[in-house]
Amino acid sequence: MNKAVKTIVSILLLFVIAGLAYKIVQSIQEPVKFNKAVKARESVGIQRMKDIRDLQVAYKSVNGKFASTIDSLILFYNTGKMEVLMQVGSNDDSLAVAHTDAIKKANKKITPQDLYKMYQAGDKNLVFTVKSEIPVRDTLFNSRKDFVPDSLKYIPFSGKQLTEMEAAIKKVSGVDVPLFEARMPYKKLLKGLDNQLRINLDAEKKAQNRFEGLQVGSISAPNNNAGNWE
């Protein structure tokens with residue numbers, strides 16, 4: 001073998017070695033990149049599931065049961081009202097407490113609603129607690145400037161595939177218990193990521209008898225509306 005041929009063979013071997021090294025590095029890095037992407041996507045999905053749970057709890061407090069569809073939750077958020085206890089004044093304000101007590105003593109039939117009307121009319125020197133109805137949208141997520149109720153319908157990163165949700169009333173120890181569950185399967189949440197690694201992750205969760213994705217609540221057994229990430 002002459003020198004020129006040896007040189008060509010050596011160069012080709014270097015290319016082969018470099019190619020193999022690249023494939024080895026990639027095979028190591030791919031799961032790392034996948035796991036990082038999974039955590040990032042789960043973070044977005046978990047926040048959305050928490051928002052669904054908060055709305056469901058509020059919905060149940062008004063309607064006595066959970067909503068069976070995301071559209072019902074969105075309508076409740078946009079148009080519904082909730083009854084809340086509103087504290088007016090402070091019990092530490094002795095003058096306001098004395099003034100309120102004097103009014104109550106003079107009129108034993110006076111109600112918190114009557115006191116609230118007096119407060120609205122200009123008497124700010126009052127202390128009382130009153131039930132009040134306020135719009136849901138003024139109570140929940142009102143500090144979240146980025147909250148978009150319609151986004152709850154969709155599984156993030158899935159190309160607008162729908163969040164899965166069910167509600168039911170089941171007997172638990174002879175008592176009717178409202179239940180709900182919402183799901184975001186990994187197959188949809190991790191759309192576009194390495195499919196084999198996603199299949200492996202599904203198999204791992206299945207072997208652990210866990211849902212293959214994100215889930216909050218359960219219609220098979222009460223779990224205090226817990227999320228499977230908690």
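Buried means under 20% relative accessible area, exposed means over 50%, and partly exposed lies in between, with a 1.4 Å probe and protein chains only. By that rule, buried residues make up 31% of the 230 residues in the protein. The model is predicted, so local features need pLDDT of at least 70 and side-chain atom pairs count only at pLDDT 80 or more, while totals for chains, interfaces and linings use all residues. Residues are numbered from 1 along each chain as its sequence is written, and side-chain values use heavy atoms, with hydrogens and water left out.

**Whole chain**

Start with the whole protein in a cartoon view. Its secondary structure comes to six helices and five strands. Helices (H or I, at least four residues) and strands (E, at least two) are DSSP runs, numbered from the N terminus. From that end, the elements run α-α-β-α-α-β-β-β-α-α-β.

Switch to a surface view next. The protein exposes about 14600 Å², and carbon and sulfur atoms supply 56% of this area; accessible areas come from the Shrake-Rupley method with a 1.4 Å probe, and for residues only the protein chains shown count as cover. Contact means heavy atoms within 4.5 Å. Among contacts with a separation of 6 or more, 65% are between residues 24 or more positions apart.

Two strands pair if DSSP finds at least two bridges between them.

Now keep strand 3 and strand 4 (residues 175–185). Nine bridges join this antiparallel pair. Met165 stands opposite Ala182 in strand 4, and Ile169 stands opposite Pro178 in strand 4. The hairpin of these strands has two residues between them, and Ser173 takes a positive phi near 55 degrees there.

How much of strand 4 is buried? Eight of its 11 residues are, so strand 4 is largely enclosed by the rest of the structure.

Move across to strand 5. Strand 4 and strand 5 pair in the antiparallel sense over five bridges, and Arg183 stands opposite Gln215 in strand 5.

**Gln215**

Select Gln215 in strand 5. Is Gln215 buried or exposed? At 16% relative accessibility, Gln215 counts as buried. A polar atom of the Gln215 side chain lies 3.0 Å from the backbone oxygen of Gly217. Not counting residues up to four places away in sequence, Gln215 touches Met49, Glu181, Ala182, Arg183, Ala226, Gly227, Asn228 and Trp229.

**The nonpolar cores**

A nonpolar core is a set of buried Ala, Val, Leu, Ile, Met, Phe, Trp, Tyr and Cys residues joined through side-chain atoms within 4.5 Å. Select Ile52 and Leu55. Of the 33 residues in the largest core, these two touch the most other members. The elements that give two or more residues to this core are helix 1 (3–63), helix 2 (70–79), strand 4, helix 5 (186–189), helix 6 (195–207) and strand 5. Helix 1 gives the most, with eight residues.

Stay on Leu55 and show its surroundings. Leaving aside neighbours within four places in sequence, Leu55 is in contact with Leu73, Phe76, Tyr77, Val136, Leu140, Phe141 and Leu152. A second, separate core of seven residues includes Val88, Ile103, Leu115 and Phe128.

Select Lys131, found in strand 2. Lys131 is exposed, with a relative accessible area of 53%. Which residues is Lys131 in contact with, leaving aside its neighbours within four places in sequence? They are Glu83, Val84, Leu85 and Gln113. Lys131 and Glu83 are 48 residues apart in sequence and 6.4 Å apart in space, C-alpha to C-alpha.

Lys160 is not a glycine, yet has a positive phi of about 65 degrees. Lys160 is exposed, at 61% relative accessible area.

End at Asn224, in the segment after strand 5. Phi of Asn224 is near 60 degrees, a positive value in a residue other than glycine. Asn224 is exposed, with a relative accessible area of 73%.

Definitions and conventions
Polar contact = N/O pair within 3.5 Å; in protein donor to acceptor, adjacent residues only side chain to side chain.
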